[in-house]
There are 2 protein chains.
Amino acid sequence: MVTRLGDEAAAGRELAHPARSEIRLEQVLHALADPMRLAVVRALAAASEQLACSAIELPVSKSTSTHHFRVLRESGVIRQDYRGTAKMTCLRREDLDARFPGLLDSVLAAAAGQENAGR
Amino acid sequence: MVTRLGDEAAAGRELAHPARSEIRLEQVLHALADPMRLAVVRALAAASEQLACSAIELPVSKSTSTHHFRVLRESGVIRQDYRGTAKMTCLRREDLDARFPGLLDSVLAAAAGQENAGR
DNA sequence: GCCGTAGTACGTTGTCTGTCAAACTACGAT
DNA sequence: ATCGTAGTTTGACAGACAACGTACTACGGC
């Protein structure tokens, strides 16, 4: 059957992101509460660059990865856009810092501290 | 049938709390991600005193309240102990600040900001 | 001793979440 | 045009979660 394209593609498949003022604290906390997603956020924070999805090794299947990236995007934690065949991902640092000052940094520090200090 | 008591009561029913070093970031974030529990934490932070469970009005049944308080306690966010017929509850500020510096404050500030600023 | 109040435990129900496999779409290179 | 690579979509499934009602336990006062 036909390509079923044309919905909103045309210029290259835009992805929906919440506006800065639409970001909800509960959703951000929920997004960060999953170990897999927290690992993604830590990797993005460490890189401070745009990364392809595939650049972040997750021990799960592709479809599960897609799911986690979607949760992060819809909660406003990351931004994604297509760049050719790859999908580039970056943290929405500015937006998060503006809306919830200090939150992201303290979570990242906490994650790092917890891992190093161990028990 | 018999009282079935005596397990660990005797001195007045102690409750299990995780040690400071046992507190896990993911569990804390998960505990705070629920609107009901976040409201409890905000109330406790505002009071900066011990409160009885019943002093925090939640629009849910008693058993659901018990559930939320247990999640908060088992994740290390609050401390509870019996005082006669009431169960007193307080935030574990020191422990949280020591383990995850700045986290609690930024979450509380974010919650307050989100509520005031609205959309 | 008996009752009321405060909270717990248990069993249930409906929803959400994390995971996967398999089939599919889109883009770039050959 | 064909192929491989990157990621999506769908459907399924098990486990977790929030909420409830009811029955229960514990403590303090009458």
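User: Is B:Asp95 buried, partly exposed or exposed?

Analyst: Good place to start! This is a predicted model, and the accessibility is computed from it. A residue counts as buried when its relative accessible area is under 20%. B:Asp95 has 14% relative accessibility, so B:Asp95 counts as buried.

User: Which residue meets the side chain of B:Asp95 in a salt bridge?

Analyst: The partner is B:Arg20, with an N to O distance of 2.7 Å. B:Arg20 lies in the segment before H1 of chain B, while B:Asp95 lies in helix H4 (residues 93–99) of that chain, so the pair ties together parts that are 75 residues apart in sequence. B:Arg20 is partly exposed, at 38% relative accessibility.

User: How many salt bridges does the structure hold over all chains?

Analyst: There are 16. One of them joins A:Arg93 and A:Asp105, at 3.3 Å from N to O. A:Arg93 sits in helix H4 (residues 93–99) of chain A and A:Asp105 in helix H5 of chain A, so this bridge links parts 12 residues apart in sequence. A:Arg93 counts as partly exposed at 31% relative accessibility, and A:Asp105 is partly exposed at 39%.

User: What does a salt bridge inside one helix look like?

Analyst: Here is the general idea: an α-helix has 3.6 residues a turn, so residues three or four places apart point the same way. Now the case in this structure. B:Asp97 and B:Arg93 both lie in helix H4 of chain B, four residues apart, or about one turn of the helix. Their closest N and O atoms are 3.6 Å apart, and the two form a salt bridge. B:Asp97 is partly exposed, with a relative accessible area of 28%, and B:Arg93 is partly exposed too, with 30%.

User: Which residues of chain A are joined into one network by salt bridges that share partners?

Analyst: They are A:Arg20, A:Arg79, A:Arg92 and A:Asp95.

User: How should I read a nonpolar core?

Analyst: In soluble globular proteins, nonpolar side chains tend to be buried together. In this structure the largest nonpolar core has 56 residues, and those with the most contacts inside it are A:Leu25, A:Val77, B:Leu25 and B:Val77. Helices H1, H2, H3 and H5 of chain A, together with H1, H2, H3 and H5 of chain B, each supply at least two residues of this core. For a closer look, take A:Val77: leaving aside neighbours within four places in sequence, its contacts include A:Val28, A:Ala31, A:Cys90 and A:Leu96.

User: How many residues of H1(A) are buried?

Analyst: Six of the eight, so H1(A) is mostly covered. The buried ones are A:Leu25, A:Glu26, A:Val28, A:Leu29, A:Ala31 and A:Leu32.

User: In what order do the strands of the chain A sheet lie?

Analyst: The order is E1-E3-E2, in an open sheet of three strands with antiparallel pairing. E1 (51–52) and E2 (78–83) are the edge strands, each pairing on one side only. E2(A) and E3 (residues 86–91) pair over six bridges, and A:Tyr82 has A:Lys87 in E3(A) as its bridge partner. H2(A) packs on the sheet, touching E1, E2 and E3, with its direction at about 85° to that of E3(A). H3(A) lies across E2 and E3 of chain A and runs at about 120° to E2(A).

Conventions:
Residues numbered from 1 in each chain as written. Chains lettered and ligands numbered in written order. Predicted model: local features only at pLDDT ≥ 70, side-chain atom pairs only at ≥ 80, totals over all residues. Heavy atoms only, no water. Core = buried A, V, L, I, M, F, W, Y, C linked by side-chain atoms within 4.5 Å. Buried < 20%, exposed > 50% of the residue type's maximum accessible area, 1.4 Å probe, protein only. Contact = heavy atoms within 4.5 Å. Pairing = 2+ DSSP bridges. Axes fitted to C-alpha atoms, helices over the stretch in contact; angles between N-to-C directions. Salt bridge = Lys/Arg side-chain N within 4 Å of Asp/Glu carboxyl O.
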